[in-house]
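I opened my notebook for this model. These entries record what I looked up.

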Amino acid sequence: MTNLELVQRMFEAVAAQDLATLETVLDDNLTFTLSGNSPFAGRTVGRDNVLALLSKLNGELAISNSVHGLYDGPDGVVVHQTGTAPGYDDEALVFFKINNAQVTEAVEFVFDVAAFDRYVEASRVPSSP
């Protein structure tokens with residue numbers, strides 16, 4: 001399986017909520033890094049922690065992502081995508097590092113990090129006292 005096929009399989013598994021496939025394509029020690037100052041920003045380590053973070057991010061923000069291209073490189077795949085939601089529209093590049101037929105690292109480069117941070121802040125439900 002090529003790196004591109006692996007990433008496509010990962011996207012299909014995410015869409016189908018197929019945890020069994022995700023366990024085969026995502027390394028146990030997967031890291032995910034997102035820049036900015038939102039509560040989602042920073043480096044998250046561990047497949048289960050990353051999946052929980054992404055589930056929370058998708059649940060709270062309801063951003064719809066559209067993939068515009070996948071680009072194969074020597075160490076992984078770069079995905080060009082746009083994210084849209086009411087009051088938010090931006091682009092991102094996501095680098096998926098692949099080692100031994102598993103995604104070991106994902107780094108998301110949001111084009112306008114400040115706009116993403118503002119959208120997150122405006123979208124979050126305040127905690128109860």
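Which residues does threonine 44 touch, not counting residues up to four places away in sequence? I found Leu30, Thr31, Phe32, Asn49, Val50 and Leu53. Contact here means heavy atoms within 4.5 Å.

Notes on the source. This is a predicted model, where local features need pLDDT of at least 70, side-chain atom pairs count only at pLDDT 80 or more, and totals for chains, interfaces and linings use all residues. Residues are numbered from 1 along each chain as its sequence is written, and side-chain values use heavy atoms, with hydrogens and water left out.

I placed threonine 44 in strand E2 (residues 42–45); strands are DSSP runs of E, at least two residues, and helices are runs of H or I, at least four, numbered from the N terminus. Threonine 44 is buried, at a relative accessible area of 17%. Buried means under 20%, exposed over 50%, partly exposed in between (1.4 Å probe, protein chains only).

Next, the helix pair. H3 (residues 47–61) and H4 (residues 113–123) pack at about 70°, axes 10 Å apart. Axes are lines fitted to C-alpha atoms over the stretch in contact, and angles run from 0 to 180 degrees between N-to-C directions. H3 is therefore roughly perpendicular to H4 (65 to 115 degrees; under 35 is roughly parallel, over 145 roughly antiparallel, the rest oblique). From H3, Leu57, Glu60 and Leu61 make the contact; from H4, Phe116, Tyr119, Val120 and Ser123 do. I sorted these residues into 5 nonpolar, 1 polar and 1 charged. Ala, Val, Leu, Ile, Met, Phe, Trp, Tyr, Cys and Pro count as nonpolar, Asp, Glu, Lys and Arg as charged, the others, Gly among them, as polar.
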